[in-house]
Amino acid sequence: MSQFIHVGFGNIVNTDKIIAVVSPESAPVRRLVQHAREEGTAVDATQGRKTRAVLVMENSQLILSALLPETIAQRAKLMFDMDFAQEGEETDDTK
């Protein structure tokens, strides 16, 4: 079942499609973002703020977020933990 996380300013992303959440500070990631902007595969979800995280998606799209990578990772982990707990409850009910 697909889970979604908030990546800032009312924007949400499907966690099943995220490959990586990286900082935009390194030169290779900056080149990756520039190339995605030129190709039209970058989705800017920063609302004009500084880009603090880049989400690399399965379909080679990049999502630019104003939230820190750690914040996004914590939200994704929380969603994973909640999903795991729900699965555990379902198996307990079937016993």
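## A buried strand and its sheet

All 5 of the 5 residues of strand 5 (residues 53–57) are buried, so strand 5 is largely enclosed by the rest of the structure. Here, buried means under 20% relative accessible area, exposed means over 50%, and partly exposed lies in between (1.4 Å probe, protein chains only). Helices (H or I, at least four residues) and strands (E, at least two) are DSSP runs, numbered from the N terminus. Keep in mind that this is a predicted model, where local features need pLDDT of at least 70, side-chain atom pairs count only at pLDDT 80 or more, and totals for chains, interfaces and linings use all residues. Residues are numbered from 1 along each chain as its sequence is written, and side-chain values use heavy atoms, with hydrogens and water left out.

**Strand 5 and its partners**

- Ala53, Leu55 and Met57 point one way from strand 5, while Val54 and Val56 point the other way, and all are buried.
- Strand 5 pairs with strand 3 (residues 18–22) in the antiparallel sense over 4 bridges; two strands pair if DSSP finds at least two bridges between them.
- Strand 5 also pairs with strand 6 (residues 62–65), again antiparallel and over 4 bridges.
- Follow Val54 to see both links: Val54 is the bridge partner of Val22, and Leu64 in strand 6 is the bridge partner of Val54.
- The hairpin of strand 5 and strand 6 has 4 residues between the strands, and Ser60 there takes a positive phi near 70 degrees.

**The whole sheet**

- Strands of a sheet pair through backbone hydrogen bonds, either parallel or antiparallel.
- In this model, 4 strands form an open sheet in the order 3-5-6-4, with mixed pairing.
- Strand 3 and strand 4 (42–44) stand at the edges with a single partner strand each, so one side of each has no neighbour in the sheet.
- From one strand to the next, the twist averages 20 degrees.
- Strand 4 and strand 6 pair in the parallel sense over 3 bridges, and Ile63 in strand 6 is the bridge partner of Val43.

**A helix across the sheet**

- Helix 1 (residues 27–39) lies across strand 3, strand 4, strand 5 and strand 6, and runs at about 115 degrees to strand 6.
- For such angles, axes are lines fitted to C-alpha atoms, for helices over the stretch in contact (heavy atoms within 4.5 Å), and angles run from 0 to 180 degrees between N-to-C directions.

**A look at Asn14**

- Asn14 is found in strand 2 (residues 11–14), and counts as buried at 16% relative accessibility.
- Not counting residues up to four places away in sequence, Asn14 touches Ser2, Gln3, Phe4 and Met57.
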